[in-house]
Amino acid sequence: MESAIKLEHIYRSFKTHFWQKRKLVLEDINLEVFQGEVFGFLGPNGAGKTTTIKLITGLLKPDSGKISIFGMPRDSLKAKQLIGYLPESPYFYDHLTGYEFLKVHALLGNCKDYEKKVYEQLEKVGLKSAANLQLRKYSRGMLQRIGIAQALITDPELIILDEPLTGLDPIGRKEIKDLILEQKQQGKTIFFSSHILPDAEVICDRIGIIINGKILKVGELKQLLKKGIKTDEISLEDWFVKQVKEKDA
Amino acid sequence: MHRIRAIVENTFKESLRQRILNLLIIFAILLIVVSIFLEPFAIGESPKILRDFGLAVSSIFGVLIVIIIGSSLIHKDIEKRTIYTVIAKPVKRGEIIVGKFLGLFFLIAVLETGMTIIHQIIIFIYEGAFDPHLLIALPFSLLEVMVLLGILLLFSSFSSSTMASIMGIIFFIIGHGSPDLKLFADQSKVVLLKYIAYVFYYILPNLENFNLRIELVYKLPVHHDQILFSLCYGLIYTILLLYVATIIFEKREFK
């Protein structure tokens with residue numbers, strides 16, 4: 001299978017203050033996401049999920065290592081043209097309306113028929129009636145949906161969603177999960193991060209688990225969860241504790 | 001081009017909706033109040049005061065907006081994480097800088113044009129005729145805004161908005177003190193100081209190139225070569241500032 005995302009030997013460190021030593025937050029990350037699959041990138045808070053996503057989307061640069069998107073360097077405009085990205089807890093321009101916000105992103109994404117695309121997306125995420133409402137008046141769920149709409153507006157081949165289900169009520173989560181599955185049916189590749197295991201189980205083909213900046217495991221979820229642990233009975237954090245303890249023993 | 005257009009429109013609308021154009025009302029009130037209250041003390045100088053005050057206030061309002069909004073133009077986007085979705089799209093960093101620059105510049109141009117119209121109307125009310133000679137102040141004031149906005153964007157491409165506004169104010173003061181710096185360099189007897197002063201004089205922006213208040217208030221002629229020089233100076237200086245801002249912004253990460 002062809003890869004949509006390929007990370008090879010990625011290292012990344014941060015300095016919180018200039019007098020402090022750099023702290024390694026990602027260590028030798030090797031990960032391959034295949035075209036057409038839904039890949040769940042799972043890990044507890046602070047594991048390095050968002051940092052990895054920021055490296056893929058070009059918001060951060062790796063200290064060393066190589067990142068490619070559909071075989072192209074991740075910084076190239078051609079690669080970026082194929083990506084749709086929803087950041088974690090997104091904040092958008094307060095004073096813009098939903099329509100204006102999507103129009104900006106459609107133009108930035110080189111959409112030719114932006115007017116049509118904007119209304120298509122507004123319809124798809126159920127915000128057509130809120131098209132002329134300023135984003136500061138949107139609820140948390142509506143913001144998440146308009147965020148997804150901006151990620152999908154260019155009809156990207158690769159959709160990267162950072163914690164798309166966090167902070168949503170059950171209905172909101174169901175809607176987002178349905179949207180992800182719909183994209184999968186259209187042959188798109190979806191890479192999303194989460195720390196909630198049951199959600200991942202429903203939609204993922206494969207998962208990658210990251211803990212303390214290192215990839216612990218990659219594979220099919222059911223294969224990884226051995227010993228009869230049911231995902232709806234245990235949180236990922238608990239499972240991690242068990243995994244880490246097992247690893248240390 | 002459409003990508004820059006998107007950022008220009010976005011910046012323009014976001015800034016516009018912060019009710020900046022309300023400054024036009026404040027400007028009109030200020031002008032009317034000053035002309036009414038100063039007239040008894042002006043002893044025949046009131047036309048000059050009305051002109052000088054109008055030009056000064058419209059220029060100060062433009063500069064204030066550049067410093068207040070210009071300094072947070074990029075930083076606010078980073079702080080509020082609104083820039084994330086923009087950076088992830090197939091956009092060059094330079095397009096973001098140019099788009100932000102043009103978006104705010106157009107808004108200030110609208111504001112300053114509005115203030116110029118109000119100024120002319122008030123002059124007409126008091127004197128029964130417009131003063132078209134004053135109109136030339138508008139493009140010069142906008143050239144100053146351009147250079148200052150370039151400075152603000154340059155500093156906000158790598159530092160905080162507070163630092164960018166402080167630098168904006170410093171450059172504004174130094175920029176208007178530029179002729180004094182030249183005078184100091186000309187007259188200094190210490191060779192090292194003389195050269196240092198010359199270096200600063202040529203590197204730092206000379207905002208006095210855009211100050212025509214004396215010529216306009218006293219109805220002195222403004223030469224074509226002076227206009228051409230100021231125009232070229234403003235444009236080249238701004239392009240260089242935006243170029244450096246782009247180089248720095250290309251290296252910027254978003255943690």
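**Sheet in chain A.** I looked up the strand order of the open sheet in chain A: its six strands run S6-S7-S8-S3-S9-S10, with mixed pairing. Two strands pair if DSSP finds at least two bridges between them. Strands (E, at least two residues) and helices (H or I, at least four) are DSSP runs, numbered from the N terminus.

This is a predicted model: local features need pLDDT of at least 70, side-chain atom pairs count only at pLDDT 80 or more, and totals for chains, interfaces and linings use all residues. Residues are numbered from 1 along each chain as its sequence is written, and chains are lettered from A and ligands numbered from 1 in the order in which they are written.

Which strands stand at the edges? I found S6 (83-86) and S10 (214-219) of chain A there; each has a single partner strand, so one side of each lacks a neighbour in the sheet.

Neighbouring strands are turned by 15° against each other on average, direction ignored. Axes are lines fitted to C-alpha atoms, for helices over the stretch in contact; angles run from 0 to 180 degrees between N-to-C directions.

**S9 and S10.** I noted five bridges between S9 (206-211) and S10 of chain A, which run antiparallel. A:Ile210 has A:Ile215 in S10(A) as its bridge partner.

**Helix on the sheet.** Helix H5 (140-152) of chain A packs on the sheet and touches S6 and S7 of chain A. Its direction makes about 165° with that of S6(A).

**Chains A and B.** I checked the contact (C-beta atoms, placed from the backbone, within 7 Å). Chain B gives 22 residues and chain A gives 26. On the side of chain B that touches chain A, H1(B) gives the most, with seven residues.

Technical notes. Contact = placed C-beta atoms within 7 Å.
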